[in-house]
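Q: I would like to learn how to read a protein model step by step. Could we begin with a single residue and then widen the view?

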Amino acid sequence: MTSALLAQNNAAIVGQLLNEENKAIEFANVAVLGTGLGTYTDSLGNYKLSVPSDTKLKVIFSHLNHESQSFEVTLNAGETKRIDRVLTLKENIITEAIVAD
């Protein structure tokens, strides 16, 4: 199978992850459940992920300090869908740790 044919069988999800203050979330994980496909957001909160087309996918957004979100999507071959999300800060975040001998 040629790379051009493989590319025709793929779709893409792009977008940006922000916090509640409308600031970019850097190094957030964007993953497709059960596939091993995933990526991280850049310093501006942007991501791009190539995914299989014509398959129902569950995409999960996660970050250490924020509540995770997920959504399901099915894309046609060659389709690009923009998904922007605002992640809320987790309650009970440990902001300081003291290590004693």
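A: Let us begin with Leu-33, which sits in the loop between β2 and β3 (37–40); strands (E, at least two residues) and helices (H or I, at least four) are DSSP runs, numbered from the N terminus. The model is a predicted one, in which local features need pLDDT of at least 70 and side-chain atom pairs count only at pLDDT 80 or more, while totals for chains, interfaces and linings use all residues. Residues are numbered from 1 along each chain as its sequence is written, and side-chain values use heavy atoms, with hydrogens and water left out.

Q: Is Leu-33 buried or exposed?

A: Buried means under 20% relative accessible area, exposed means over 50%, and partly exposed is in between (1.4 Å probe, protein chains only). Leu-33 has a relative accessible area of 52%, so Leu-33 counts as exposed.

Q: Which residues is Leu-33 in contact with, leaving aside its neighbours within four places in sequence?

A: A contact means heavy atoms within 4.5 Å, and by that rule Leu-33 meets Lys-58 and Ile-60 once those neighbours are set aside. Lys-58 in turn stands opposite Glu-72 in β6, and Glu-72 is 39 residues from Leu-33 in sequence but 10.0 Å from it in space, C-alpha to C-alpha.

Q: How are the strands β2 and β3 arranged?

A: Two strands pair if DSSP finds at least two bridges between them; β2 and β3 pair in the antiparallel sense over 4 bridges, and Val-30 stands opposite Thr-39 in β3. The two strands form a hairpin with 4 residues between them, and Gly-34 in the turn has a positive phi of about 75 degrees.

Q: What is the order of the strands in the open sheet?

A: The open sheet has 4 strands in the order β3-β2-β5-β6, with antiparallel pairing. At the edges stand β3 and β6, each with a single partner strand, so one side of each has no neighbour in the sheet. From one strand to the next the twist averages 15 degrees, where axes are lines fitted to C-alpha atoms (for helices over the stretch in contact) and angles run from 0 to 180 degrees between N-to-C directions. Within this sheet, β5 and β6 pair over 6 bridges.

Q: Which residues have the most contacts inside the largest nonpolar core?

A: In soluble globular proteins, nonpolar side chains tend to be buried together. A nonpolar core is a set of buried Ala, Val, Leu, Ile, Met, Phe, Trp, Tyr and Cys residues joined through side-chain atoms within 4.5 Å. Here the largest has 18 residues, and those with the most contacts inside it are Ile-13, Leu-17, Val-30, Val-51, Val-59, Phe-61 and Val-73. At least two residues of this core come from each of β1 (10–18), β2 (29–32), β4 (46–52), β5 (57–63) and β6 (66–73).

Q: Why does Thr-41 count as buried?

A: Thr-41 lies in the loop between β3 and β4, and Thr-41 counts as buried because its relative accessible area is 2%. A polar contact is a pair of N or O atoms within 3.5 Å; within protein, one must be able to donate a hydrogen and the other to accept it, and residues adjacent in sequence count only if both atoms are side-chain atoms. A polar atom of the Thr-41 side chain lies 2.7 Å from the backbone oxygen of Ile-25, and the side chain also reaches the backbone nitrogen of Ala-28 at 2.8 Å.
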